[in-house]
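Have the sequence and the structure open as you read.

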Amino acid sequence: MVRHPRPGSTMSDKEARPSEGSSGARAATVSDIHELMRRKEEIEAQIKANYDVLEGQKGVGMDEPLVDCEGYPRADVDLYQVRTARHNIICLQNDHKAVMKQVEEALHQLHARDKEKQARDMAEAHQEAMSHRRGHSHSLPQAFAKVNSVSPGSPASTAGLQVDDEIVEFGSVNPQNFQSLHNISSVVQHSEGKPLNVTVIRRGEKHQLRLVPSRWTGRGLLGCNIVPLQR
């Protein structure tokens with residue numbers, strides 16, 4: 001149905017804008033954008049309907065004169081329909097421009113809120129990770145020695161020991177009874193061929209290994225070098 005508004009009537013600001021509360025404009029939502037797009041399509045359909053009216057009146061369009069060469073009103077077109085359709089088109093185009101501006105503003109608001117939410121989520125995740133890391137590091141046992149070399153193919157390598165592993169348990173040796181590397185050497189000598197529970201701290205994480213001191217192609221029963229940690 002072709003729109004026939006009163007002269008000078010256009011879509012009101014209240015009709016064109018997303019609903020507002022008494023405390024001022026609220027943030028646009030996805031449903032607001034959907035409603036604005038629905039209005040946009042409705043306006044475009046009305047504009048087309050009015051252009052169809054002009055096309056049906058000898059294709060007069062928006063600018064063709066409505067008087068003949070002698071200055072008299074044309075008798076071959078319905079002047080009222082043409083003038084009404086032209087007026088409708090002008091009003092509807094203004095409405096369309098206003099709605100498109102509202103769509104742009106609403107999309108900008110949504111994108112800005114999404115960026116803010118993403119930034120907040122990332123900050124919260126980082127804070128949570130840091131808190132977890134601090135709490136986790138506080139709960140880690142005290143290391144008393146460190147691995148500074150591991151020979152390939154050695155019992156230590158087979159057990160999974162790595163350079164920079166910090167030792168918190170080596171068989172019966174722990175932070176409470178460790179006095180010197182002699183403690184570790186004594187445990188190794190009395191445990192040849194027997195599995196030892198070895199606990200290390202590696203990049204802030206605790207790892208439990210099973211090390212079997214044994215003869216291999218290299219020197220000693222471990223194939224690694226361990227140094228005491230200075231605390």
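The questions below cover salt bridges, pockets and a sheet in this predicted model.

Q: How many salt bridges does the model hold?
A: A pair counts when a side-chain nitrogen of Lys or Arg lies within 4 Å of a carboxyl oxygen of Asp or Glu. Side chains of opposite charge can pair when their charged atoms come close. By this rule the count is 11 salt bridges.

Q: How far apart are the closest N and O atoms of Arg 38 and Glu 35?
A: Arg 38 and Glu 35 both sit in helix α2, residues 30–56. They are three residues apart, about one turn of the helix. Arg 38 is partly exposed at 42% relative accessibility, and Glu 35 is partly exposed at 29%. The two form a salt bridge, and their closest N and O atoms are apart by 2.6 Å.

Q: Which residue forms a salt bridge with Arg 38 at 3.4 Å?
A: Look four residues away from Arg 38 in helix α2, a separation of about one helical turn. At 3.4 Å between the closest N and O atoms, the partner of Arg 38 is Glu 42.

Q: Is Lys 48 buried or exposed?
A: Lys 48 forms a salt bridge with Asp 52, with 3.3 Å between the closest N and O atoms. Both lie in helix α2, four residues apart. Asp 52 is partly exposed, at 42%. The cut-off for exposed is over 50%; Lys 48 has 53% relative accessibility, so Lys 48 counts as exposed.

Q: Which residues do salt bridges with shared partners join into one network?
A: Arg 38 forms a salt bridge with Glu 35. Glu 42 forms one with Arg 38 too. Through shared partners, the network is Glu 35, Arg 38, Arg 39 and Glu 42.

Q: Which element gives the most residues to the lining of the largest pocket?
A: The largest pocket holds about 370 Å³ of space. Two elements give two or more residues to its lining: α5 (181–189) and β7 (224–228). With five residues, the element that gives the most is α5.

Q: How many charged residues are in the lining of the largest pocket?
A: The lining has 17 residues. Nearest the centre lie Leu 222, Gly 223, Cys 224, Asn 225 and Ile 226. The lining divides into eight nonpolar and eight polar residues, and the charged count is one.

Q: How many charged residues line the second largest pocket?
A: This pocket has a volume of about 150 Å³. Its lining includes Asp 164, Asp 165, Glu 166, Arg 202 and Arg 203. Four lining residues are nonpolar and two are polar, and the charged residues number five.

Q: Which are the edge strands of the open sheet?
A: The sheet has five strands, in the order β6-β5-β4-β3-β7, with antiparallel pairing. The twist averages 35° from one strand to the next. An edge strand pairs on one side only, and the edge strands are β6 (205–211) and β7.

Q: How many of the seven residues of strand β5 are buried?
A: Strand β5 spans residues 196–202. Four bridges join β4 to β5, where Ile 167 has Val 200 as its bridge partner. Seven bridges join β5 to β6. Buried means under 20% relative accessible area; strand β5 is mostly covered, and its buried residues number six.

Q: Which residue takes a positive phi in the hairpin of β5 and β6?
A: Strands β5 and β6 run antiparallel. Ile 201 has Lys 206 in β6 as its bridge partner. The hairpin has two residues between the strands, and the one with a phi near 50° is Arg 203.

Terms used: Residues are numbered from 1 along each chain as its sequence is written. This is a predicted model: local features need pLDDT of at least 70, side-chain atom pairs count only at pLDDT 80 or more; totals for chains, interfaces and linings use all residues. Side-chain values use heavy atoms; hydrogens and water are left out. Buried means under 20% relative accessible area, exposed over 50%, partly exposed in between (1.4 Å probe, protein chains only). On a 1 Å grid over the protein atoms alone, a cavity is a set of points where a 1.4 Å probe fits but cannot get out, and a pocket is an open set with protein on both sides within 12 Å along at least five of seven lines; lining residues have an atom within 4 Å of a point. Grid points are joined across faces, edges and corners, and a volume is the space filled by probe spheres set on the points. Ala, Val, Leu, Ile, Met, Phe, Trp, Tyr, Cys and Pro count as nonpolar, Asp, Glu, Lys and Arg as charged, and the others, Gly among them, as polar. Two strands pair if DSSP finds at least two bridges between them. Axes are lines fitted to C-alpha atoms, for helices over the stretch in contact, and angles run from 0 to 180 degrees between N-to-C directions.
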